[in-house]
Amino acid sequence: MSTELKKALYNISALADLGQEITSENAFHEKIQAVFYVITGTFLANKGAILSYDRSSKKLDTLTKKGFTSTDLEQLAPEELMPLSKNEPCLIKDAPFLAVVGAEVLVPLWVRDQFIGALLLGGKLTAGPYTPEDLELLKIIATQIAITLNHHSLFMDLSDKLEENQRLYEEMRRIYHGTLQAFAAAIDAKDAYTQNHSHRVAKYSAAIARELGWNDHDIEGIYVAGYLHDVGKLAISNDLLNKVAPFTPEERAEIRKHSTLSHNIAVKINFPWKNVEDMVWHHHERLDGQGYPDALVREGISDGVRIITLADSFDAMTSQRPYRKKMDVQTALAELRKCLDSQFDNKIMLVLCRVLDKEIKGELPEPEILPNLDKNSDLSIISSLLEGIIVELSATQSPA
Ligand SMILES: [Fe+2]
Ligand SMILES: [Fe+2]
């Protein structure tokens, strides 16, 4: 085999090794390290370094090195490297400062018009010069390293942007939720008897949705709908909202406007969640069509609406109201049970009972309903009542 052929085969195998390392799944720094070993091994270089150019600090960072000291490499100024030929190996005769650093060859790495860094090699262990063939191979290798470094820097830029976007998104969500809480507090403040009602409906609804297997995005949506379901009450007079005596038909009609008013307010907000408007609009609908404002019947009532409706009634029953004392949990559950199928949905009631039972048994990490119930409740009685309802309602559910 001729020397030229041997060399060509040797170069091809070096490039194959390099290609394998560059396209590997390894983390960036491992990849650069492996590439560096292939290069120093291929050229039998006694020293070497791969440097990357940091555009923001305008400095060269050492990614890996062998034989050079940090002080050697600090003598390389990016502005001295940039005027050299792009991705072309330079020898001491082309760039005399290489002798000062103690290097024999330097390749400035570029991708299109971007200066990416530099590859630096010392003399050969064999003490021979770098041949034109070596420099040709080095040129090919340098281009591949430049692309690898560029990919990494693009990826890092993208990660930084993603991180910044994530931070901004979290900040927006925090402000958004703060605004909703302020809204809910304004609604609840109008009616002395319904303090924190909106907050509890939000929590109960989210807990039911979570138990039903909804995804995090939709759970957040129903949480927001829970907060806002009574927002229309802001437009109803305080006197009427706090009235104790029975309502006249006109007064009843006036109060009933609140769900449509809630919808009118919600629809003006461009929510990132679907159906928030529907959930606030129809939270007083009933399965039997006797609800308001649209007298919707069964299929016309979404699961989200059914959840808010049940959470709303359960909280109303277990809270003090101007016209009656609050019910204990057992009585409230019995009342809800009486209205199953006419007003409330069996499946949603089953899920509410499951959540509360799990909370009592300590099976949920963050209880949402139990902490709001009467502290004097007898939990063992409630739990056995819940177990009975769960068995009864499970039997009515068709297998999934
Ligand atoms: Fe309401
Ligand atoms: Fe309500």
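Reader: What radius of gyration does the protein have, and what would a compact globule have?

Author: Compare the value with the globule rule. This is a predicted model. A compact globule of 400 residues would have a radius of gyration near 21 Å; the protein has 36 Å. The box tells you the dimensions: roughly 105 × 45 × 40 Å along the principal axes, for the C-alpha atoms.

Reader: Which domains does the assignment give?

Author: Domain 1 covers 3–161, and domain 2 covers 191–396. Their centres, taken over C-alpha atoms, are 66 Å apart.

Reader: What share of the residues is buried?

Author: Count neighbours around each residue; 20 or more other C-beta atoms within 10 Å make it buried. Here 32% of the 400 residues are buried.

Reader: Now the secondary structure. How many helices and strands are there?

Author: The protein has 15 helices and five strands. The five strands form an open sheet, with antiparallel pairing, in the order E2-E1-E5-E4-E3.

Reader: How many bridges join E4 to E5?

Author: Seven, between residues 105–111 of E4 and residues 114–121 of E5, running antiparallel. In one pair, Pro108 has Ala118 in E5 as its bridge partner.

Reader: Which helix packs on the sheet?

Author: Helix H6, residues 132–190. Helix H6 touches strands E1 (48–54), E4 and E5, and its direction makes about 45° with that of E4.

Key: Residues are numbered from 1 along each chain as its sequence is written. Chains are lettered from A and ligands numbered from 1 in the order in which they are written. This is a predicted model: local features need pLDDT of at least 70, side-chain atom pairs count only at pLDDT 80 or more; totals for chains, interfaces and linings use all residues. Domain bounds come from an automatic or database domain assignment. Helices (H or I, at least four residues) and strands (E, at least two) are DSSP runs, numbered from the N terminus. The radius of gyration is taken over C-alpha atoms; the globule rule is 2.2 Å times the number of residues to the power 0.38. A residue is buried if 20 or more other C-beta atoms lie within 10 Å of its own, exposed if 12 or fewer, and partly exposed in between; C-beta atoms are placed from the backbone. Two strands pair if DSSP finds at least two bridges between them. Two residues are in contact if their C-beta atoms, placed from the backbone, lie within 7 Å. Axes are lines fitted to C-alpha atoms, for helices over the stretch in contact, and angles run from 0 to 180 degrees between N-to-C directions.
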